Amino acid sequence: MKGFFLTGSILFTVLILIIAFENIGGSCQGFLFLFSSMGTGTSPFFIVAGLAVLGIFTGIFYTGFAMQLLSSAKKEEEME
């Protein structure tokens with residue numbers, strides 16, 4: 001499970017960074033999502049909401065990874 005959470009955390013973080021660095025200095029018109037342009041009629045609300053959901057999933061994976069690390073440390077202490 002540690003590997004699953006670590007991999008998910010890394011992938012979602014990289015995805016957020018790709019989206020952020022593609023759009024530095026850009027406005028919502030011509031917003032790029034994974035190298036494809038969002039339409040000019042796309043509301044900025046949906047762009048921000050989509051990134052927020054992506055951030056939530058990233059946080060879930062980081063929390064799961066941290067919980068796995070903490071639970072394995074407790075198990076090792078109990079074994080000694």
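Helices (H or I, at least four residues) and strands (E, at least two) are DSSP runs, numbered from the N terminus. The structure described here is a predicted model, in which local features need pLDDT of at least 70 and side-chain atom pairs count only at pLDDT 80 or more, while totals for chains, interfaces and linings use all residues. Residues are numbered from 1 along each chain as its sequence is written, and side-chain values use heavy atoms, with hydrogens and water left out.

The protein contains two helices and two strands, and from the N terminus on these elements follow the order α-β-β-α. Helix H1 covers residues 2-22, strand E1 covers residues 32-33, and helix H2 covers residues 44-79. The mean pLDDT (the predictor's confidence in each residue, from 0 to 100) is 75 for the protein, and 60% of its residues reach 70 or more. Confidence is highest in H1, with a mean of 81, and lowest in strand E1, with a mean of 64.

Of the 80 residues in the protein, 18% are buried. Buried means under 20% relative accessible area, exposed means over 50%, and partly exposed lies in between, for a 1.4 Å probe and protein chains only. The accessible surface amounts to about 5,900 Å², and carbon and sulfur atoms account for 73% of this surface. These areas come from the Shrake-Rupley method with a 1.4 Å probe; for residues, only the protein chains shown count as cover. Contacts, defined as heavy atoms within 4.5 Å, were also examined by sequence separation. Among those between residues at least 6 apart in sequence, 60% join residues at least 24 apart.

Ser9, in helix H1, counts as buried because its relative accessibility is 1%. Leaving out residues up to four places away in sequence, Ser9 touches Thr58, Phe61, Tyr62 and Phe65. A polar atom of the Ser9 side chain lies 3.3 Å from the backbone oxygen of Phe61. This pair falls under polar contacts, which are pairs of N or O atoms within 3.5 Å; within protein, one atom must be able to donate a hydrogen and the other to accept it, and residues adjacent in sequence count only if both atoms are side-chain atoms.

Thr58 lies in helix H2 and is likewise buried, with a relative accessible area of 6%. Neighbours within four places in sequence aside, Thr58 is in contact with Ser9, Phe12, Thr13 and Ile16. The side chain of Thr58 also has a polar atom 2.9 Å from the backbone oxygen of Leu54.

Three further pairs were characterised by C-alpha separation. Phe57, in helix H2, is partly exposed at a relative accessible area of 41%; Phe57 and Phe12 are 45 residues apart in sequence, with their C-alpha atoms 7.5 Å apart. Ala66 is also located in helix H2 and is partly exposed, at 34%. The C-alpha atoms of Ala66 and Phe5 are 8.7 Å apart, across 61 residues of the chain. Ala20, in helix H1, is partly exposed, with a relative accessible area of 41%. Between Ala20 and Leu51, 31 residues apart along the chain, the C-alpha distance is 9.6 Å.
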